[in-house]
Amino acid sequence: MRKIYSTTRYSGALLFCFFLSLGAIAQAVIKGTVSNANGQTLSGASVVVQEGKKGTTTDINGFYTLSVSPGRQTLVISYVGYGTQTLAFTASSGTSVTQNIQMKEAGDLTEVTVTGSRAVGRTRIETAVPVDVIPLASVINDLGQVDLNQILNFIAPSFQSSRQTVADGTDHVDPAQLRGLGTDQVLVLINGKRRHQSALVNVNGTVNRGQVGTDLSAIPPTAIERVEILRDGAAAQYGSDAIAGVINIILKKKTGLLEAGSSYGAYVTKYPKNYARNRLAGKTSDDDVKMTDGNSFQASLGYGFAIGKGYLTLTGEYIKRINTNRTGTFTGAVFPNVNGVNRDDSILSAKGLTRNDFDIRAGNSAMKGGTVFYNFGIPVGQNGEFYAFGGYGKKKGEAAGFFRYPSGYPGNATIYAANARDLYPNGFLPLIKSDILDFSTAVGYRTKFSGWNFDISNTYGINTFDFGVENSVNYTQFINSANKQTSFDAGGLKFWQNTTNADFSKKFDVAQGLNFAAGLEYRVDAFGIKSGEEGSYKNYDVNSRASGGAQVFPGFLNTIGNDKTRNAKAIYTDLELDVTKAFLVTGALRFENYSDFGSTLNYKVSTRYKLSDNFNVRASVSSGFRAPSMQQRFFAKTNTLFVSQGGNLVPVQAGTFTNDSKPAQILGIPKLQEETSQSYSIGLTAKPVPALEVTVDAYQIDIKNRIILTNNFNGGTDANLKAQLDAVGASTANFFTNAIDTRARGLEAVVSYTKKFTGTHSLRTTLAMTFIDNEVKNGADGKPNIKASPALINSGQLANYFNREDESRVEVATPKNKINLTFNYKYSKWGAMLRFVKFGTAVYLDPSINPANPGAFPINAFTGQRETLDQEFDGKVVTDLSLSYQVTKAVSATIGANNLFDVYQDIQKHSSNQSSGRFIYSRRVQQMGFNGAYYFGRLNFSLNTKK
């Protein structure tokens, strides 16, 4: 028995070795490099054997190698920014096959994306959550818009951004939203790294009041390869702010490509400037005034340098635009009454003036500036890469406030009015000058070791926003009649952020593939205030009723001391498992601790299931949060606000106080805490025919403790509060506070179809839609459930906490739906782009009226009837058209029009909303703006210098 056992064991070992050797002989090896059309190798490209789902990624030199079974095989190669390719080949036992792959750029929205995943990139119909991929580098030449905000506003339906007017600093930085949520509830990344926010906090009466956003106009579109918009909560993956979604901007890194371009355009339009004046005169028709303004010039230059096997792309851009103005003719009193009688017409005639010489500016601000961006990467060793990217930009803007008419000069003390008349006998239009600096840089090192991917990086960014005031006055300086200052340094704001990340990941052969990722993050946020010169903010005569500080924008007085900082530490993990070829499950968990408000733990689970090769269902559930911004915690200033009182705009000196200030303590305003969210989504994706893609997604986002900027509290009967306000020259006070809970629901759909005809014809059609229903959650009484302290409730000023207009900003002040239909046609050297964008209805709700008491509605001077100030603005369709021609292989030219048919928003119907005829169009509710038709021309040069 012993001998038999020994022989059997020996025979079994031989048999095992025999079959093992057969297996070794049976294997074949396929290897090669993956590169782009310029010959630049692509590190990190995914190479997968379709039959067995066995795969790898290319190393730092773009090289891959795989062991495969003999026979007919198909490789699937994908890389971010390029179309997925398949390659069929036959492998023989024991042989080595070399297959070099050249990737082609994707030309539509079907590109591979990595946003929302730390695994291998997937096409947008294969992702577990909705992601739009906008190939900006290939479509920018068809567009008339020149800054990123406006480009995305007309391409991505879930994205909304409108330029504001007569809104102080907000005239210079366009607020942007995703899914109708706050501008600070969307996270912006560049090359996957967190982007810093603007120093500016929106404190005026516009959409996104009280919020802080990222200045997308500081990023030159000509430096961007593509933009990925993740339309799903992602705080468990990326941290604070990613409640509505994530915008990931991928910079260009092609080498040997010289690109230059310039564009010029202007608004050529007509509008009923004399609408109010005509209605008051009993006329029902309007004599439209023709306007040409808003002239814009843009120029850019970029080149990609090959540095060994690495790259360095540099892009510079310059933009200059002139302001637009769609103000109406002022119908109020220009000069003081004489013996109780208004004699404006005779005075104007004697001075050789008309009412049009007293216009405000209702339109885009003027702006000029330049930016330089870079993107750098170079191999280090066999598998490592050192990378860096960032940019520097500086721009200067000019916007205006309300015209100061001689009839409105402070008359309680003769010295004020007399000196003002000496300086400005016909009134004055005060100007706000901005000087904005933006700098960012990221450096990092990524490598592979024993199957693990490592990435260590540090990202720093700073934004400064300095204010100047010109053509103005500080009335109280007239107490010293020798001092007649008209220009002021009003100080400014600063925000900087530093983020350090350590990420690692590995793919395991579990099921059809498991990707495990984890990482650490340490971030420092800082905010500071720079005082203006004394004359910009000081009230030199506190016994007078004249407001102190520079008219239009009283300067900053730093009351918070040195820069305020906080730190946040995070640890996170991310799993992505292909359970089967059809079933994908992902999960993420993130723990984060903030030095100012404590800790938060957030999760995300998502899944995608393939019903067939061409149909998928997907769903996700996640929690999220947004930390109070440093600006919301520490911003403190006195502003001149024009607030609605009975339909009239009245100037008020409003002080914004921090939550640890004495006025906040008197009213029981609590310390700021984080906003929290719970998100759900479900969707369907399909590719029923090869050229047609369809995605449909529904979502719900519940947000608790949303931060708002309250309205203005006065001293009332509280002598202590009144004394605190008097000390800073303010008549009212407002605060940032966690006040409301909201729910956002929506449906989003994208349909794209590409048809290639015989010859050189091609047509790409894209239909994208979003439908939004946002609401403030109500209490048992059916009214908004406002979170207020007992002290505030007992103050009798609860209506100043959160009013109807504030509610409308959350729910209806921006379009409730947006539909985009785009046709891109190419024929030989010709190209055409035709786009229709429908901006849905929007609604203004006035805070000063009670809808249940129409008898108290103000009289509409246009009709003579008592009418509500509320108004619903009908949806509008804007048509864009451009034609392009490839003059030579390197030169192309484009001409076109945005808003070809000169469509405007609805006119404000009530005379009180027009503020004595000045605001024909609403500045509180904006759909696509009110500038009219814009005509442009663009010339582009692109030369591949590689031989």
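Leaving aside residues up to four places away in sequence, Ile-249 touches Leu-148, Val-188, Leu-189, Ile-190, Asn-191, Leu-216, Ile-219, Ile-224 and Arg-226. This is a predicted model. Ile-249 is also one of the residues that touch the most other members of the largest nonpolar core, together with Ile-134, Leu-136, Leu-148, Phe-159, Leu-216 and Val-227; the core has 37 residues. At least two core residues come from each of α2 (136-139), α3 (148-155), β13 (176-178), β14 (186-190), β16 (224-230), β17 (245-251), β22 (384-400) and β34 (692-709). The largest share, four residues, is supplied by α3. Apart from this core lies another, of 29 residues, including Leu-200, Ile-432, Ala-490 and Ile-560. In soluble globular proteins, nonpolar side chains tend to be buried together.

Val-579, Phe-583, Tyr-609, Leu-611, Phe-615, Val-617, Leu-684, Val-696, Leu-747 and Phe-771 make a nonpolar surface patch of about 770 Å². Strands β29 (598-612) and β30 (615-626) each supply at least two of its residues. Phe-615 lies in β30, and it counts as partly exposed because its relative accessibility is 35%.

The last stop is a matter of backbone geometry. Most residues other than glycine have a negative phi. Asn-899, although not a glycine, has a positive phi of about 60 degrees, and Ser-915, also not a glycine, has a positive phi of about 50 degrees. Asn-899 is placed in the loop between β46 (891-898) and β47 (934-944), and Ser-915 is found in the loop between β46 and β47. Asn-899 has 7% relative accessibility, so it counts as buried; Ser-915, at 7%, therefore counts as buried.

Conventions:
Residues are numbered from 1 along each chain as its sequence is written. This is a predicted model: local features need pLDDT of at least 70, side-chain atom pairs count only at pLDDT 80 or more; totals for chains, interfaces and linings use all residues. Side-chain values use heavy atoms; hydrogens and water are left out. A nonpolar core is a set of buried Ala, Val, Leu, Ile, Met, Phe, Trp, Tyr and Cys residues joined through side-chain atoms within 4.5 Å. Buried means under 20% relative accessible area, exposed over 50%, partly exposed in between (1.4 Å probe, protein chains only). Contact means heavy atoms within 4.5 Å. Patches are made of residues with over 30% relative accessible area and no salt bridge: like charges are joined within 9 Å, nonpolar side chains (Val, Leu, Ile, Met, Phe, Trp, Tyr) within 5 Å. Accessible areas come from the Shrake-Rupley method with a 1.4 Å probe; for residues, only the protein chains shown count as cover. A salt bridge is a side-chain nitrogen of Lys or Arg within 4 Å of a carboxyl oxygen of Asp or Glu.
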